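Okay, thanks for coming, everyone. I'd like to walk you through one structure today, so let me put it on the screen.

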Amino acid sequence: MVDLRSDTVTRPTAAMKAAMFEAPLGDDVLGDDPTVARLEERSAELAGKEAALFVPSGTMGNLLAIRCQTRLADEVLLHPDSHPFNYEAGGAAAFAGVQLRTIGGDRGMVDCDAMRDAVRGPDPHFAPARLVCAEDTTNRGGGAVWPLERLDELGETAHSLGLRSHLDGARVFNAVVASGVPLARRLRAFDSATFCFSKALGAPVGSVLVSDAATIALARRMRKLLGGGMRQSGLLAAAGLYALDHHVERLADDHRRAASLAEALTALGLEVVPPQTNMVYVRVDEAPTWQEALDAEGVLCFATSSSTLRLVLHLDVDDAGVAQTARAFEIVAAQRGLTRPGA
Ligand SMILES: Cc1ncc(COP(=O)(O)O)c(C=O)c1O
């Protein structure tokens, strides 16, 4: 099987597991796990922020960012394709008590003019907009990388409107590698950001929230409140440290494989969104039936809508996996009378 459902499906390598087993541990809720402390310090430094908090998931990181930078019945502006709006189980409503208001933009990127239009005056009818969230790379936006000037413009415009800004950087290292722009520079205009070790970086569990010291101190208490305080979590943080040392530069391999898969599928006559990072989106009729047919040919992927398939390249897919995927598409396309196998 070639599993292209997500980059979350990777298994820790033997070397990563060895790093986990060898890590010095303590009780992180009591503040004395040295490996978690090292990962938090390193993450804050890489991100150019004052402090960081290790959390079990990207979902919890985003929720804490929202909870700690808003008040009850505030409004949070984000893209209709964003992760908190689509896939975080309504947590922002349940645990932060905020209203999510969607604002548009191309390829999953929030547009500054749409943000200006959405921010309303002090009339008591309105929920006050307090925070804008962006996503880099954009997941449902095709794995797109924000141009640096747009990131800066978003953060600066948010501040000029009196809003704070959060970047969901679940895959921000893909953006760092694809753009060649260091993490701290990409995050410069943002008040907070999350990034995930458990996606393209290949760790089994874990994300961080980075921000100023006061926001992280509040997030630490809120993490406990949500049941996210973890004890000997250095075992997991060690995987994150290993990933930062060994799995960042190799993301370029995933990007190269995504480009070569896109090329092969385009050659079959399929409509493919040109990939910028590790995600390949293919437009087909009746996407769920393609998902099933590809599954039967040994390729797992997700239909993200009735007309879209998403394939995600990662650490556990090599060049042979790309070739096998292209072959499976060729067979399924031929079954549907779109091309002939071997054509
Ligand atoms: C863009 C984005 N943000 C946040 C998350 C949430 O991460 P987690 O699955 O660790 O909660 C995901 C998960 O895939 C994601 O794609």
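Before I go on, a word on what you're looking at: it's a predicted model, where local features need pLDDT of at least 70 and side-chain atom pairs count only at pLDDT 80 or more, while totals for chains, interfaces and linings use all residues. Numbering goes from 1 along each chain as its sequence is written.

Helices (H or I, at least four residues) and strands (E, at least two) are DSSP runs, numbered from the N terminus. Two strands pair if DSSP finds at least two bridges between them.

Back to our pair: Val 280 has Leu 311 of E13 as its bridge partner. Helix H12 (residues 251-267) packs on this sheet, touching E9, E10 and E13, with its direction at about 15° to that of E10. "In contact" here means C-beta atoms, placed from the backbone, within 7 Å. For angles, axes are lines fitted to C-alpha atoms, for helices over the stretch in contact, and the angle runs from 0 to 180 degrees between N-to-C directions. Helix H13 (residues 287-296) packs on the sheet too, touching E12 and E13, and its direction makes about 175° with that of E12.

So what's the strand order of this open four-stranded sheet? It goes E9-E10-E13-E12, with antiparallel pairing. The edges are strand E9 (271-273) and strand E12 (302-305), each pairing on one side only.

Now the other sheet. This one is open as well, with seven strands in the order E2-E8-E7-E6-E5-E3-E4 and mixed pairing. Strand E2 (51-55) and strand E4 (99-102) sit at the edges with a single partner strand each, so one side of each has no neighbour in the sheet. Neighbouring strands here are turned by 20° against each other on average, direction ignored.

Within it, strand E6 (residues 164-169) and strand E7 (residues 192-196) pair in the parallel sense over four bridges. Gly 169 has Phe 195 of E7 as its bridge partner.

Last, the ligand. Which residues come nearest to it? Of the 13 around it, they're Ser 57, Gly 58, Thr 59, His 83 and Ala 170; "around" means a C-beta atom, placed from the backbone, within 6 Å. Helix H3 (residues 58-68) gives the largest share of that shell, three residues.

Key
Two residues are in contact if their C-beta atoms, placed from the backbone, lie within 7 Å.
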